[in-house]
Amino acid sequence: MNIGFIGLGIMGRPMALNLLKGGHRVRVWARRPESMQPLLDAGAGAASGPADVALAADLVISMVADAPDVEQVWLAAGGVASAGKTGLVGIDMSTIRPAAARDIARRLQAAGVDFLDAPVSGGEVGAIAGTLSIMVGGGSDAFATAAPAFACMGKNIVHVGDSGAGQVAKAANQIVTGAGVLTVAEALNFAAKSGVDPAKVREALLGGFAYSKILENHGQRMLERNFKPGFKSWMHQKDMNIVMQSAHELGLCLPVAAATTQMFNAMVGSGLGEEDSIAILKLLERLSSAASE
């Protein structure tokens, strides 16, 4: 399959590499030319912009920061829609508001592009391993066309529903993971401040109902103080703000998500935005130290 790929950051670069490894012909474009080089070295073709990506593509994928970036690469002058052939299947794997995904899908449909919203979970580790969870919204025909590409990038691939449904699933995912990271950090900080070895507390919790992948994986990284970003704090803040904005639109009460959002706001405000989201442990330690003074 001829695939165009736009956006080669922490997640996009390994995802595009896995498409190449899967035998697809891939042309790439990124705003920073240096981001393209690892893909070109691996055999991808270089495009000069979003429209050029679309020229010979059966499928175009974007992995960018937020809804304005998605609109820019797909719908602006020189965007994918200006050059894609009729019947082109487009996939955005970014995390954006469900309402924005539905609006972009509607506008692209009018331009002859069959669009899927397909955000992912699994972080940089999952992107490199090709084991991402992919949550898809959009038409069944487009999903069937995209299935071979999804199989190169992920293991748990679910067609959730119509346009926007993938983004609803991702927002729900971010509620669970955001609150999970916060609660694991709270538990380990509580143990340490109580004078008990947090590593032993984590070991005990792993054998009971408190077990979670976050406790297992991120909890270990917290103990190691490995805050190398696989998913930056500012990105989780952005995703939690999507949750809260969607909740406001729906008139929903999401108290745990609201508290978690405030903590990620505080992380970014305190200069931790470029660190991994598990660095929320650092924020809790700072607050705990201030409280004891």
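**Exercise 1.** Determine which helix gives the most to the lining of the second largest pocket.

*Solution.* Step 1: in this predicted model, local features need pLDDT of at least 70 and side-chain atom pairs count only at pLDDT 80 or more, whereas totals for chains, interfaces and linings use all residues. Residues are numbered from 1 along each chain as its sequence is written, and side-chain values use heavy atoms, with hydrogens and water left out.

Step 2: a pocket is an open set of points on a 1 Å grid over the protein atoms alone, where a 1.4 Å probe fits, with protein on both sides within 12 Å along at least five of seven lines; lining residues have an atom within 4 Å of a point.

Step 3: at least two lining residues come from each of H5 (98–110), H8 (165–193) and H11 (233–250), helices being DSSP runs (H or I) of at least four residues, numbered from the N terminus. H11 gives the most, namely five residues.

**Exercise 2.** Describe the residues that line the second largest pocket.

*Solution.* Step 1: the lining comprises 14 residues, and Pro98, Val168, Ala171, Ser246 and Leu250 lie nearest the centre.

Step 2: by class, 11 are nonpolar, one is polar and two are charged. Ala, Val, Leu, Ile, Met, Phe, Trp, Tyr, Cys and Pro count as nonpolar, Asp, Glu, Lys and Arg as charged, and the others, Gly among them, as polar.

**Exercise 3.** Decide whether Asp69 is buried or exposed.

*Solution.* Step 1: Asp69 belongs to helix H4 (residues 67–75).

Step 2: buried means under 20% relative accessible area and exposed over 50%, with partly exposed in between (1.4 Å probe, protein chains only). Asp69 has 17% relative accessibility and therefore counts as buried.
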